[in-house]
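Biologist: Can you walk me through this one? I'd like to start with the ligand.

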Amino acid sequence: MDFSLDRETEALRERVRAFLEEAVIPREAEAARHLDRLEAITQELQAEAKRRGLFLPHMPKELGGLGLSWTALAVVLEEAGRSLLGPRALNAAAPDEGNMHLLHKVANEAQKRKYLLPLAAGEVRSGFAMTEPMGAGADPNLLKTTAERKGRGFVLRGRKWFTTGAEGAAFFIVLARTEEGPTLFLVDRETPGLRLVRTIPTMDHWSVGGHGELVLECEVGEEAVLGEVGKGFLYAELRLDPARLTHCMRWLGVGVRATELAQAYALKRESFGKRLAEHQGVQFMIADSHMELHAARLMVWHAAWKLDRGERIRHEASMAKIFVSEAVNRAVDRAVQITGALGISEDIPLSIFYREVRPFRIYDGPSEVHRASVGKRALFKGLRP
Ligand SMILES: Cc1cc2nc3c(=O)[nH]c(=O)nc-3n(C[C@H](O)[C@H](O)[C@H](O)COP(=O)(O)OP(=O)(O)OC[C@H]3O[C@@H](n4cnc5c(N)ncnc54)[C@H](O)[C@@H]3O)c2cc1C
C-alpha cells in the first residue's frame with residue numbers, strides 16, 4: 001500500500017492551495033455580503049483559475065481539462081473545497097461537474113458540441129432535473145414526469161423541483177418516463193413550455209442559480225434523447241456514483257477548513273485561566289474531527305483508486321456518501337461550538353458552512369437510503385466487512 005502522492009499531484013495541490021489563499025478566500029466576505037454577485041464573482045475567479053492552469057480538473061485534456069486521475073482529483077477538489085467559492089472557480093462544482101461526466105460518457109458528437117463544450121469552457125451552466133414534488137425523490141421509481149411520443153419527438157409533461165443551478169442555466173438534463181422506461185432528455189432553457197416557476201427559498205444560499213422548480217409542458221425532438229431511450233436510471237446511476245464521490249471530495253475540504261478555523265481560535269482564545277486549546281474538552285472535539293476527517297479521506301481515496309482501476313464503486317460510493325456527509329456535518333458543528341459566538345456570526349464562514357453542508361445528508365440519496373443499500377448488499381451478497 002502506498003499513500004504517497006506523486007510529485008506532480010503534490011505540486012498541483014500546492015498551486016490550488018495558493019489559488020485559494022491568494023484569490024478565492026479573500027473574496028468570501030464580499031460574496032457573503034452580496035450573494036446576488038455570486039455568479040459574477042465566480043466568473044472572475046474562473047478567469048484567474050484559467051490563467052493559473054487550474055481550470056476544469058475533472059475533464060480530459062482534449063476538452064481543455066487537466067486530465068487528472070480520480071485520485072489526483074480527490075486531492076484537488078478537497079483543496080478547492082476549503083472555500084465554498086473554490087469548486088465553482090475551477091468549474092468543478094455540482095451539478096455541472098456531474099453533468100459533464102455524464103455528457104462525456106453518454107452524449108453523441110452533436111450533443112457534445114452543443115452542450116458539453118460550452119459547459120466545459122465555463123460559458124454556460126446546466127441543471128439536472130430528476131427530483132419531483134411528491135414524485136421521484138429518495139425513491140426514483142416514483143417518477144411522474146412523462147415523455148409521450150409525438151411524431152419523431154416527445155411531449156414532456158411534469159414538475160421538477162430542487163433543480164440546482166436552474167436560474168440562469170442554459171439547459172437541463174431531465175428524467176422522464178417513456179413507454180420503454182425512464183429516459184434522459186437534454187432540454188434547452190428556451191424551449192417553449194419549459195417554465196422556471198420559482199427559485200425555492202432554502203436554508204443554503206451559495207449554489208449559483210439556486211434550487212429551482214420547473215414545469216414542463218413542452219415538445220422536444222428525438223435528438224434531445226441522451227443515450228438510449230429507456231436507460232435513464234442506468235445513466236443516472238452512471239452520473240451519481242462518481243458525482244457522490246466528488247461531492248465528498250469537495251465537502252471534505254469544508255470539514256478541514258472548519259477544523260482549521262476552530263484550531264486557530266482555540267490557540268488564541270483564553271477561558272478560565274488558560275487557552276481553549278489547553279482544555280481537554282476542546283482537545284477531544286478536535287481529536288474527533290481529525291479522526292473522522294482522516295477516515296473520510298481514506299474512504300474517498302480508496303473509492304477514487306477503484307475508479308482509476310476501472311472498477312464499479314457503487315458500494316464504496318454509498319459508504320463514503322454516508323460517512324463523509326455525516327462526518328463533515330459533525331466537524332462543522334464542533335467548529336461552531338469551539339468558536340462560540342464568533343462561529344455563529346458571519347465574520348468567519350463557519351455559520352455559512354453549517355447551513356450549506358446540512359443538505360448533503362439528503363441529496364444524492366439520503367443517508368438512510370444508502371445505509372439500507374449497504375446493509376442489503378452486505379447481507380444478501382455475502383460481502384465481508
Ligand atoms: C440542496 C439540495 C440540492 C438538490 N439538488 C438536486 C438537483 O440538482 N437535481 C435533482 O434532481 N435533485 C436535487 N435535490 C433533491 C435530492 O436529490 C432529494 O432531496 C433526495 O433524493 C431525497 O428526496 P426527497 O427530498 O423527495 O425526500 P423523500 O423521498 O421525501 O424522503 C424524505 C426522508 O425520508 C427518509 N427515507 C426515505 N426513504 C427511506 C428509506 N428507504 N429508509 C429510511 N428512510 C427513508 C429519509 O430520511 C429522507 O431524507 C437536491 C436537494 C437538496 C436538499
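Modeller: A term to begin with: a polar contact is a pair of N or O atoms within 3.5 Å. Also keep in mind that this model is predicted. With that cut-off, look at Thr131: an N or O atom in the Thr131 side chain is 2.6 Å from a nitrogen atom of the ligand.

Biologist: Which backbone N or O atom lies 3.0 Å from a nitrogen atom of the ligand?

Modeller: One that belongs to Phe162.

Biologist: And what lies 2.8 Å from an oxygen atom of the ligand?

Modeller: A polar side-chain atom of Glu368.

Biologist: How much of the ligand's accessible area does the protein cover?

Modeller: The protein covers 63%. On its own, the ligand has 970 Å² of accessible area.

Biologist: Which elements give two or more residues to the shell around the ligand?

Modeller: They are β1 (126–129), β3 (153–164) and α13 (367–380). The most comes from β3, with three residues.

Biologist: How many residues are around the ligand, and which come nearest?

Modeller: There are 18. Phe128, Thr131, Phe162, Thr164 and Glu368 come nearest.

Biologist: Which domains does the shell draw on?

Modeller: At least three residues come from each of domain 2 (126–226) and domain 3 (233–380).

Biologist: New topic. How much space lies in the second largest pocket?

Modeller: About 400 Å³. The pocket is lined by 15 residues. Asp2, Phe3, Thr71, Trp301 and Trp305 are the closest to its centre.

Biologist: Which elements give two or more residues to that lining?

Modeller: Those are α4 (70–80) and α9 (280–308). The most comes from α9, with four residues.

Biologist: And which domains supply the lining?

Modeller: Domain 1 (7–103) and domain 3 (233–380) each give at least three residues.

Biologist: What about its classes?

Modeller: The lining has eight nonpolar, five polar and two charged residues.

Biologist: Last topic: the backbone. Where is there a cis peptide bond?

Modeller: Between Ala94 and Pro95, with omega about 0°. Pro95 is in the loop between α5 (86–89) and α6 (96–106).

Biologist: Why point that out?

Modeller: Because most peptide bonds are trans.

Biologist: What about Asn91: is its phi positive or negative?

Modeller: Asn91 has a positive phi of about 60°, although it is not a glycine. Most residues other than glycine have a negative phi.

Biologist: Where is Asn91 found?

Modeller: Asn91 is in the loop between α5 and α6. Pro95 has its place in the loop between α5 and α6 too.

Notes: Residues numbered from 1 in each chain as written. Predicted model: local features only at pLDDT ≥ 70, side-chain atom pairs only at ≥ 80, totals over all residues. Heavy atoms only, no water. Near = heavy atom within 4 Å. Polar contact = N/O pair within 3.5 Å; in protein donor to acceptor, adjacent residues only side chain to side chain. Areas by Shrake-Rupley, 256 points an atom, 1.4 Å probe, with all protein chains shown as cover. Domains from an automatic or database assignment. 1 Å grid on protein atoms, 1.4 Å probe; cavity = no way out; pocket = protein on both sides within 12 Å on 5 of 7 lines; lining within 4 Å. Points joined across faces, edges and corners; volume = space filled by probe spheres on them. Nonpolar A, V, L, I, M, F, W, Y, C, P; charged D, E, K, R; others polar.
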